[in-house]
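Subject: Structure for your files

Dear colleague,

Here is the structure I said I would pass on. My notes come after it.

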Amino acid sequence: MILANDYFMQKWPETGKTIITNKERPSNIWTRGVYYEGLMALHEIFPKEAYYKYAYDWAEFHKWGFNGGNVTRNADNYCAAQTYIDLYNLEPDAKKLKNTKANINMLLNTPQQDDWSWIDAIQMGMPVFAKLGVLEKDNRYFEKMYQMYMYSRNKHGDNGLFNPKDGLWWRDADFDPPYKEPNGEDCYWSRGNGWVIGALAKVLTIIPQNAPHREQYVKDLKAMAAALVPIQRPDGFWNVSLHDPTNFGEKETSGTALFVYGIAYGINNGILKKETYLPVIEKAWNAITKDALHDTGFLGYLQSTGKEPKDGQPLSYDKIPDFEDYGLGCFLLAGSEIYKMK
């Protein structure tokens, strides 16, 4: 984890530097927000001052604010709030949460529940509500989070984005039936499902044991974990396309890392049986660290940004994705939960 993170921090010494791919973007977009989630998880188990400073300087550069300002309803934009709240909790100062509270309170006090129309948004947004609910000791954040989550789960698309039969999620309404993969199976994108199980693990980490609706998140995490076991590749990774190995079926690091994170959390907290699930994540973590992680700290087999298996293809050990930050964040989240194992 230190190796991979050092590689990135050395490559991006200026935390406020814009990210240029097909266009120029500010460095507080979701890809970087996910990286900082991972960095704060690493800081929790190895509180190195350089990590704190790297996160703090990033937040300061952006004035603790969001791409899209304080009226954004796009969860990608307020993903950065997860780290802002973590930094606030380490050293409270009202200015750190001024924008976060303004934005999330706007969501809290408007009736819309359908903002999270693509499953990536569940990871970007849900933990922000969970953290504020704890911080403010206010169950309204938990209720709104639940309403938005269940709208994605049960109402977006034709019948919701979660398929209880398969225990997996369609990425958005474009991919629910009648859409099929070339082999006739439903399209379940690896990283998209990773975002959901990662969000469930993170929210369960944050909210109190007696928080409303906790049992729903536990039930869904268990269903997803059970669905992932039989479709793990022999080499330990999961395919980009979970149910069609013929359609961009190669190994992929970010989805695999998020599955490791979600399942490891389940084991560590008595939700998943260790004897069943430990061999699964042991194989996956070893696969990432042996087959994807370079001696330099670069992570290979990482799918670029997108929304389905075909995006950013082909993958390889050496291919540099369009953004290197979010994959590292997923890896650090996985590693931090593995590290906590008894």
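This is a predicted model: local features need pLDDT of at least 70, side-chain atom pairs count only at pLDDT 80 or more; totals for chains, interfaces and linings use all residues.

Residues are numbered from 1 along each chain as its sequence is written, and side-chain values use heavy atoms, with hydrogens and water left out.

Helices (H or I, at least four residues) and strands (E, at least two) are DSSP runs, numbered from the N terminus. Leaving aside neighbours within four places in sequence, Tyr78 has contacts (heavy atoms within 4.5 Å) that include Phe66, Trp116, Phe129 and Met148.

Glu37. This residue is in helix α2 (residues 30–45). Glu37 counts as buried because its relative accessibility is 3%, the classes being buried under 20% relative accessible area, exposed over 50% and partly exposed in between (1.4 Å probe, protein chains only). Its side chain makes a polar contact with the side chain of Lys202 at 2.7 Å. A polar contact is a pair of N or O atoms within 3.5 Å; within protein, one must be able to donate a hydrogen and the other to accept it, and residues adjacent in sequence count only if both atoms are side-chain atoms.

Helix pair. α2 packs on helix α13 (residues 325–339) at about 25°, with axes 7 Å apart (lines fitted to C-alpha atoms over the stretch in contact, with angles from 0 to 180 degrees between N-to-C directions). Glu37 of α2 and Leu333 of α13 are among the residues that make the contact.

Asp172. Asp172 lies in the loop between β4 (168–169) and α9 (190–206) and is buried, at 6%.

Backbone. Cis peptide bonds join Pro177 to Pro178, with omega about 20°, and Gln313 to Pro314, with omega about -5°. Lys63, not a glycine, has a positive phi of about 55° and is exposed at 66%. Tyr301 also has a positive phi, near 55°, but is buried at 17%.

Regards
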